[in-house]
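Subject: Structure handover

Hi,

Here is the structure I promised to pass on. Please open it alongside this note.

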Amino acid sequence: MSESLHPSAPHDLPGFITAPGDTDVLMVVVGIILVGSILMVGNLYLHLHTLPERMAHKSQKLQFEIVAVLGLLALFTHNHLFWVIGLFLAMVDLPDFSTPLRSIAGSVEKIAGAPPGDETSETVVNVKAPLPRYAAERPDTTKAGAAKSEVPSHA
């Protein structure tokens, strides 16, 4: 220190006490440690926060987008329930319903005689009543026949 110490001050001052106008080394070191620890804790928090999303991405889950949205909701709303639900969804394997259904659809197409995967051919369904096959079943549409016939004509 300097020679101008107060008479009541102890003569053996600690090293972190600086003279007026000098750089406080302890404050600079503590400031650097504080900024570094804030960055490390923030990085750890974000790394832990994205855990469900990374788990779902590594295992190629179908529900990856849902887990990602739940993670963002948990981040912005600070609602931990979203994060827990996302973690559970990332751990659970949802059953694959689409593959068996495609197989069933392909088998039905083979039975129907349609080429497999041909989505352009559509079956036209006639909503009106089916046409009769025999002449005896057909109603008489002439004016004279309409008067005799009990069946009303379809317009």
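Predicted model: local features only at pLDDT ≥ 70, side-chain atom pairs only at ≥ 80, totals over all residues.

Overall make-up

Read from the N terminus, the order is α-α-α-α-α-α. The chain has 155 residues, and 10% of them count as buried. Take the contacts between residues at least 6 apart in sequence: 40% of these join residues at least 24 apart.

Helix 2 against helix 4

Helix 2 covers residues 51–58, and helix 4 covers residues 80–91. Their axes come within 8 Å and cross at roughly 15 degrees. Angles under 35 degrees count as roughly parallel, so helix 2 runs roughly parallel to helix 4. The crossing of this pair is left-handed. Helix 2 contributes Leu-51, Pro-52, Met-55 and Ala-56 to the contact. Helix 4 contributes Trp-83, Gly-86, Leu-87, Ala-90 and Met-91. By class, that gives 8 nonpolar residues, 1 polar residue and no charged ones.

Helix 3 against helix 4

Helix 3 spans residues 64–77. Helix 3 and helix 4 pack at about 160 degrees, with their axes 8 Å apart. Angles over 145 degrees count as roughly antiparallel, and the two helices are therefore roughly antiparallel to each other. The crossing of helix 3 and helix 4 is left-handed. On the helix 3 side, the contact uses Ile-66, Val-67, Leu-70, Leu-73, Ala-74 and Thr-77. On the helix 4 side, it uses Phe-82, Trp-83, Ile-85, Gly-86, Leu-89 and Ala-90. The class count here is 10 nonpolar, 2 polar and no charged residues.

Trp-83 is listed in the contact of helix 4 with helix 2 and in the contact with helix 3.

His-49

Is His-49 buried or exposed? His-49 has a relative accessible area of 12%. Buried means under 20%, so His-49 is buried. His-49 sits in helix 1, which covers residues 25–49. A polar atom of the His-49 side chain lies 2.8 Å from the backbone oxygen of Gly-71. Leaving aside residues up to four places away in sequence, His-49 touches Gly-71, Ala-74, Leu-75 and Trp-83.

Best wishes

Definitions and conventions: Residues numbered from 1 in each chain as written. Heavy atoms only, no water. Helix = DSSP H or I, 4+ residues; strand = E, 2+ residues; numbered from the N terminus. Buried < 20%, exposed > 50% of the residue type's maximum accessible area, 1.4 Å probe, protein only. Polar contact = N/O pair within 3.5 Å; in protein donor to acceptor, adjacent residues only side chain to side chain. Contact = heavy atoms within 4.5 Å. Axes fitted to C-alpha atoms, helices over the stretch in contact; angles between N-to-C directions. Parallel < 35°, antiparallel > 145°, perpendicular 65-115°, else oblique. Left-handed = near helix turned anticlockwise from the far one by under 90°. Nonpolar A, V, L, I, M, F, W, Y, C, P; charged D, E, K, R; others polar.
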